[in-house]
Amino acid sequence: MSTDRLSATFAALADPTRRAILARLSLGEASVSELAEPFDMSLPAVSKHLKVLENAGLITRGREAQWRPCKLEAAPLRDIAGWVETYRRFWEASFDRLDEYLKEVQKGEGNGSSS
């Protein structure tokens, strides 16, 4: 995944309204008006949020007669999860080393030795 794509995904996820829209879409396809229901904003404002999500590749919009269903696309989220996983492993290893160090320090204190 390119950094620009990663940046677009993070930027799209930075907004709580867009995260709520994605949460709703995780339950299945929905129209713009269905997605707008829980928010106190106009349909054009919701459409702007959808455009950001679409540009980041997080959703697709179809066309079925007059209905334009929005659908969640998981690939960018999988890419984010992979990126975060790298750092999770780093922090786990760091915490494991810290835990070992603290055990050694406690063991030394238990022997009555002073530093």
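This is a predicted model: local features need pLDDT of at least 70, side-chain atom pairs count only at pLDDT 80 or more; totals for chains, interfaces and linings use all residues.

Author: The secondary structure of the protein comprises five helices and two strands, in the order α-α-α-α-β-β-α along the sequence. Helices (H or I, at least four residues) and strands (E, at least two) are DSSP runs, numbered from the N terminus.

Reader: How does the radius of gyration of the protein stand against that of a compact globule of 115 residues?

Author: The protein has 23 Å, whereas a compact globule of 115 residues would have a value near 13 Å. The radius is taken over C-alpha atoms, and the globule rule is 2.2 Å times the number of residues to the power 0.38. Along the principal axes, the C-alpha atoms fill a box of roughly 80 × 30 × 20 Å.

Reader: Why is Ser 94 called buried?

Author: Buried means under 20% relative accessible area, exposed over 50%, and partly exposed in between (1.4 Å probe, protein chains only). Ser 94, in helix H5 (residues 75–110), has 16% relative accessibility and therefore counts as buried. Buried residues make up 25% of the 115 residues in the protein.

Reader: What makes the pair of Trp 83 and Tyr 87 tilted?

Author: The structure holds four aromatic pairs. In the pair of Trp 83 and Tyr 87, the ring centres are 4.9 Å apart and the planes stand at 50°, so the pair is tilted. The rule is that rings of Phe, Tyr and Trp (its six-membered ring) pair if their centres lie within 6.5 Å; planes under 30 degrees apart count as stacked, over 60 as edge-to-face and the rest as tilted. Both residues lie in helix H5, four residues apart, about one turn of the helix. Trp 83 is partly exposed at 39%, and Tyr 87 is partly exposed at 42%.

Reader: Why is the pair of Trp 91 and Phe 95 given a class, and which one?

Author: Their ring centres are 5.8 Å apart and their planes at 35°, so this pair is tilted. Trp 91 and Phe 95 also lie in helix H5, four residues apart. Elsewhere, ring pairs link Phe 10, Trp 83 and Tyr 87 into a cluster.

Reader: How do you know that Glu 85 and Arg 88 meet in a salt bridge?

Author: A salt bridge is a side-chain nitrogen of Lys or Arg within 4 Å of a carboxyl oxygen of Asp or Glu. For Glu 85 and Arg 88 the N to O distance is 2.4 Å, and the pair therefore meets the definition. The two lie in helix H5, three residues apart. Glu 85 has a relative accessible area of 26% and is therefore partly exposed; Arg 88, at 36%, is partly exposed as well.

How values were computed:
Residues are numbered from 1 along each chain as its sequence is written. Side-chain values use heavy atoms; hydrogens and water are left out.
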